[in-house]
Amino acid sequence: MPDTGLLVLRVSREHLVVAGEGGRPLAAFTKRRSRIVVGDRVEVREHSDRLEAVRVLPRQSVLRRREEDGERVLAANVDRLVIVTAVGVQFRPGLVDRLLVAAEVDGIVPIIVLNKMDLPEADATVAEAARYERIGYRLRPTSVVTGQGIDALAADLHGHVSALVGHSGVGKSSLLNTLAPGAARAVAAVNPVTGKGRHTTSVAEGYPFDGGILIDLPGVREFGLAGVTPRRLTEAMPDLRAVAEGCRFADCLHRVEPGCAVREAVHSGAVDPARYRSYLRMLETLLNPDVYTRDLEADLV
């Protein structure tokens, strides 16, 4: 077997599913399922007429989040984080900001997908989401109905291990089915009154795609930050990091400290006030371990 091992597509109670030659799914037995996540690479050998995973290779990166009972690794060896949101009431800047920080902390390149561009609210949401392009993030407006942006997004993901994550109902499964028709993920309708969707993905699963892999993660309504301290939060937000060097105090948290260049930049319009409020909300959860953001549907606008 090659030194790079075989990439894990799915972890179940009975076995792993790994990507064989040409991405062909293969079942492999293992005794270490609890330590393996989708995206891991494993060495396998034939044992009693079946494949057995005998070693997990070192991870190049992890995508993780904080939960009430500790830190959880969602996927391994990810180099692209596709943050899927949608136009109208389904556009959740607070969740987008948290996922951008998570990508920055774990060294993963983020791509923001603004889906459902065929809906009437598209222009207004694009104008709001443009703040991320001004910061320097890649924003991809898409529609699985019209095909808008699909080719550009596919080119972004070519040859990469990409994880798709987003709020339920933003069209993540439809987007995955369009990019990788073999995925055949179930698609659920969105409640027309609340704008909320139902979870159609219950476990992480990877699908071979254009020389790489697409990892579909369960829909999220909360995302606790892992691997970041209060003082490192500013470093994970490029727009704040760019001005924070001008603060009077090196340990400034940009709340009430005198001589804070970040707050001055907010007042002058150099930093988006919504991004600053998002920073303060994330900072609060980091400073107070008992504070845990349970419902990001009430996130910042």
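This dialogue covers how to read strand pairing, a sheet and a nonpolar core in a predicted model.

User: What do the residue numbers and confidence limits rest on?

Analyst: Residues are numbered from 1 along each chain as its sequence is written, and side-chain values use heavy atoms, with hydrogens and water left out. Because the model is predicted, local features need pLDDT of at least 70 and side-chain atom pairs count only at pLDDT 80 or more, while totals for chains, interfaces and linings use all residues.

User: Which strands form the open sheet, and in what order?

Analyst: Strands (E, at least two residues) are DSSP runs numbered from the N terminus, as are helices (H or I, at least four), and two strands pair if DSSP finds at least two bridges between them. Here 6 strands form an open sheet of mixed pairing, in the order S10-S9-S8-S11-S13-S12. Its edge strands are S10 (138–141) and S12 (205–209), each pairing on one side only. Within the sheet, S8 (residues 80–86) and S11 (residues 161–166) run parallel, joined by 5 bridges, and Val82 stands opposite Leu164 in S11.

User: Which residues touch the most other members of the largest nonpolar core?

Analyst: In soluble globular proteins, nonpolar side chains tend to be buried together. A nonpolar core is a set of buried Ala, Val, Leu, Ile, Met, Phe, Trp, Tyr and Cys residues joined through side-chain atoms within 4.5 Å, where buried means under 20% relative accessible area (1.4 Å probe, protein chains only). Among the 37 residues of the largest core, Leu81, Ile215 and Leu217 touch the most other members. Helix H1 (residues 93–105) gives this core its largest share, 6 residues.

Terms used: Buried < 20%, exposed > 50% of the residue type's maximum accessible area, 1.4 Å probe, protein only.
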